[in-house]
Amino acid sequence: MAEHRTMQRGALLDAARSLLSEGGTEALTFPALAERTGLARSSVYEYFRSRAAVVEELCAVDFPVWAAEVENAMARAGTPEEKIEAYVRRQLDLVGDRRHRAVVAISASELDAGAREKIRAAHGGLIAMIVEALSDLGHAQPRLAAMLLQGSVDAAVRRIELGAAEEPGVVADTAVAMILRGVRG
């Protein structure tokens with residue numbers, strides 16, 4: 001029975017990822033989750049008490065996976081500059097990934113404090129990785145630079161998500177070049 005519940009919960013989270021990546025948070029409704037999974041709407045409520053609870057669980061499950069991918073890319077890099085480039089490129093490579101699109105949709109939405117806190121904590125882990133690389137680079141304000149650097153990454157993510165005129169690779173190359181020039185001062 002417990003295994004069946006775990007499978008149902010996984011199916012609901014997967015359906016939530018699809019709904020979020022297709023239509024943003026407005027698309028994430030219990031009727032839509034029920035329809036996608038073939039469960040009765042009342043059954044969806046047995047797993048999650050609210051949309052916010054679905055979002056919180058997705059953050060708890062997907063953010064660490066996503067952050068680990070960025071961390072692994074940074075760990076394979078040698079110099080602080082290479083670590084910064086890996087940090088930027090890996091985040092931009094993940095833009096097409098459904099988990100990432102769901103996380104972006106969640107980040108952009110109106111969330112309750114608990115879900116926002118989970119997102120902030122996960123983002124904090126990403127920021128901490130880049131603060132260290134900036135410190136190793138000898139940056140005078142590594143924490144501030146990390147926040148501004150992430151802002152540039154977020155802008156590049158939005159540019160790619162919009163399906164802008166430029167190819168994603170051009171957006172990534174331009175973001176990396178600007179960021180590296182900026183952090184070198």
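Let me begin with the ground rules: the model is predicted, local features are taken only where pLDDT is at least 70, side-chain atom pairs count only at pLDDT 80 or more, and totals for chains, interfaces and linings use all residues. Residues are numbered from 1 along each chain as its sequence is written, and side-chain values use heavy atoms, with hydrogens and water left out.

On confidence, pLDDT is the predictor's own confidence in each residue, from 0 to 100, and its mean over the chain is 86, with 90% of the residues reaching 70 or more. Taking helices as DSSP runs of H or I of at least four residues, and strands as runs of E of at least two, numbered from the N terminus, confidence is highest in helix α2 (residues 30-37), at a mean of 95, and lowest in helix α6 (residues 98-107), at 68. Where pLDDT is low, the predicted coordinates should not be read in detail.

In the model, residues 6-66 are 80% helix and 0% strand, with end C-alpha atoms 21 Å apart, while the span 29-48 is 75% helix and 0% strand, its end C-alpha atoms lying 12 Å apart.

The chain is also divided into domain 1 (1-48) and domain 2 (52-183), with bounds that come from an automatic or database domain assignment. Their C-alpha centres lie 27 Å apart, and the contact between them, meaning heavy atoms within 4.5 Å, takes 14 residues from domain 1 and 14 residues from domain 2.

What, then, makes up the largest nonpolar core? By nonpolar core I mean a set of buried Ala, Val, Leu, Ile, Met, Phe, Trp, Tyr and Cys residues joined through side-chain atoms within 4.5 Å, where buried is under 20% relative accessible area, exposed is over 50%, and partly exposed lies in between, with a 1.4 Å probe and protein chains only. This core has 57 residues, of which L33, I84, Y87, V88, L92, I130 and L149 touch the most other members. Two or more residues come from each of α1, α2, α3 (41-47), α4, α5, α7 (113-136), α8 (142-161) and α9 (168-184), with α4 giving the most, 11 residues, and the core draws at least three residues from each of domain 1 and domain 2. For L92, the contacts beyond four places in sequence are V153, A156, V157, I160, A172 and A175.

Next, the charged pairs. If a salt bridge is a side-chain nitrogen of Lys or Arg within 4 Å of a carboxyl oxygen of Asp or Glu, the count comes to 11. One of them joins D14 and R17, with the closest N and O atoms 3.2 Å apart; because these residues are three apart in helix α1 (residues 2-23), about one helical turn separates them. D14 is partly exposed at 33% relative accessible area, whereas R17 is buried at 11%.

A second pair, R90 and E69, has its closest N and O atoms 2.6 Å apart, and links distant parts of the chain, with R90 in helix α5 and E69 in helix α4, 21 residues apart. R90 is partly exposed at 23%. R159 and E166 also meet in a salt bridge, at 2.9 Å from N to O, and salt bridges that share partners join D14, R17 and D62 into one network.

The C-alpha atoms of A77 and Y87, 10 residues apart in sequence, are 9.5 Å apart in space. T79, also found in the loop between α4 and α5, is partly exposed at 33%, and its C-alpha atom is separated by 31 Å from that of C59, 20 residues away along the chain.
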